[in-house]
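I set out to record, entry by entry, what I looked up in this structure. The notes begin with the overall fold and then turn to single contacts.

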Amino acid sequence: MTSAAVIATVLGYIAVLFAVAWVSGRRADNAGFFSGNRRTPWYMAAFAMVGAAMSGVTFISVPGSVAVDGFSYMQMVAGFTVGQLIVAFVLIPTFYRLKVVSLYEYLDDRFGVRSHRTGAWFFFVSKMLGAALRIYVVCAVMQLLVFSHYGLPFWLNAAVTMLFVWLYTQQGGVKSLIWTDTLKTVCLVGSL
């Protein structure tokens with residue numbers, strides 16, 4: 001694949017992603033931004049969760065991991081399955097019954113503010129490290145496929161990528177996230 005084809009594919013995907021985010025989030029209020037107004041059908045949320053759980057890093061690294069380590073990765077798949085069942089049949093019904101939006105709100109109500117802050121801090125650090133790794137891998141792949149071909153530095157690659165991330169986060173929050181993650185699921189599964 002040529003660098004121009006990679007650029008066209010990425011820009012086309014980003015254009016569709018922004019269009020979906022704009023259409024789905026244009027009338028989002030505060031409740032829509034943070035909780036999707038709690039009106040998303042379960043099947044749509046489940047389908048979107050596939051896209052949320054997978055990333056480009058997963059798409060690139062899992063086949064390589066399976067090729068190198070055999071099917072030892074299947075243990076992680078089994079663990080994820082058990083974890084998702086616990087979330088679906090224990091945590092989500094509890095959150096709906098107690099009318100809380102997040103685990104951290106539940107921790108605050110149940111165990112106090114210290115528990116809430118500790119859980120939120122660990123979540124924040126782990127998500128920041130994970131996001132940084134995913135952005136780095138995306139930038140490394142784009143550097144290899146596009147930016148190096150045109151002699152552009154890695155810092156410019158990272159700046160352009162972060163600009164797109166910033167622009168995307170200005171869209172409609174959770175309400176549009178469900179639809180954009182559904183698009184991502186369709187693209188990732190369709191490309192397989």
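**Entry 1: the whole chain**

I noted at the outset that this is a predicted model. I then looked up the secondary structure and found nine helices and zero strands. Along the sequence, the pattern reads α-α-α-α-α-α-α-α-α. I next checked burial: of the 192 residues of the protein, 21% count as buried. I also looked at how far along the sequence the contacts reach. Among contacts between residues at least 6 apart in sequence, 69% join residues at least 24 apart.

**Entry 2: helices α6 and α7**

I recalled that two packed helices are described by the angle between their axes and the distance between the axes. For α6 and α7, I read an angle of about 155° and axes 7 Å apart. Angles over 145 degrees count as roughly antiparallel, and α6 and α7 are therefore roughly antiparallel to each other. Their crossing is right-handed.

I then listed who takes part in this contact. From α6 come Y104, E105, L107, D108 and F111, and from α7 come V113, S115, H116, G119, A120 and F123.

S115 sits in helix α7 and is partly exposed, with a relative accessible area of 21%.

**Entry 3: aromatic pairs**

I searched the whole structure for aromatic pairs, and the search finds four. One of them is formed by Y104 and F123, which are tilted, with 5.5 Å centre to centre and 50° between the planes. Y104 belongs to helix α6 (residues 103–111) and F123 to helix α7 (residues 113–147), so this pair ties together parts that are 19 residues apart in sequence.

F123, at 39% relative accessibility, counts as partly exposed.

I then looked up the rings of Y136 and F154. Their centres are 6.0 Å apart and their planes stand at 55°, so this pair is tilted. Y136 lies in helix α7 and F154 in helix α8 (residues 154–169), so the pair ties together parts that are 18 residues apart in sequence. I noted that F154 counts as partly exposed, at 35% relative accessibility.

**Entry 4: helices α7 and α8**

I turned to the packing of these two helices. The angle between α7 and α8 is about 120°, and their axes are 10 Å apart. I recorded that α7 and α8 are therefore oblique to each other. The crossing in which α7 passes α8 is right-handed.

On the α7 side I found I135, Y136, C139, A140, M142, Q143 and F147, which meet F154, L156, N157, A158, T161, M162 and V165 in α8. The residues of the contact of α7 with α8 divide into eleven nonpolar, three polar and no charged.

What does T161 touch, not counting residues up to four places away in sequence? I found that T161, a residue of helix α8, touches I135 and C139. T161 is buried, with a relative accessible area of 15%.

**Entry 5: T182 in α9**

T182 lies in helix α9 (residues 173–191). At 12% relative accessibility, T182 counts as buried. Leaving aside neighbours within four places in sequence, T182 is in contact with M44, F47 and A48.

**Entry 6: K99 in a loop**

I ended with the backbone. Most residues other than glycine have a negative phi. I found that phi of K99 is near 55°, a positive value in a residue other than glycine. K99 lies in the loop between α5 (74–98) and α6. I also checked its accessibility: K99 is exposed, with a relative accessible area of 67%.

Key:
Residues numbered from 1 in each chain as written. Predicted model: local features only at pLDDT ≥ 70, side-chain atom pairs only at ≥ 80, totals over all residues. Heavy atoms only, no water. Phe/Tyr/Trp six-rings, centres within 6.5 Å; stacked < 30°, edge-to-face > 60°. Helix = DSSP H or I, 4+ residues; strand = E, 2+ residues; numbered from the N terminus. Buried < 20%, exposed > 50% of the residue type's maximum accessible area, 1.4 Å probe, protein only. Axes fitted to C-alpha atoms, helices over the stretch in contact; angles between N-to-C directions. Parallel < 35°, antiparallel > 145°, perpendicular 65-115°, else oblique. Left-handed = near helix turned anticlockwise from the far one by under 90°. Contact = heavy atoms within 4.5 Å. Nonpolar A, V, L, I, M, F, W, Y, C, P; charged D, E, K, R; others polar.
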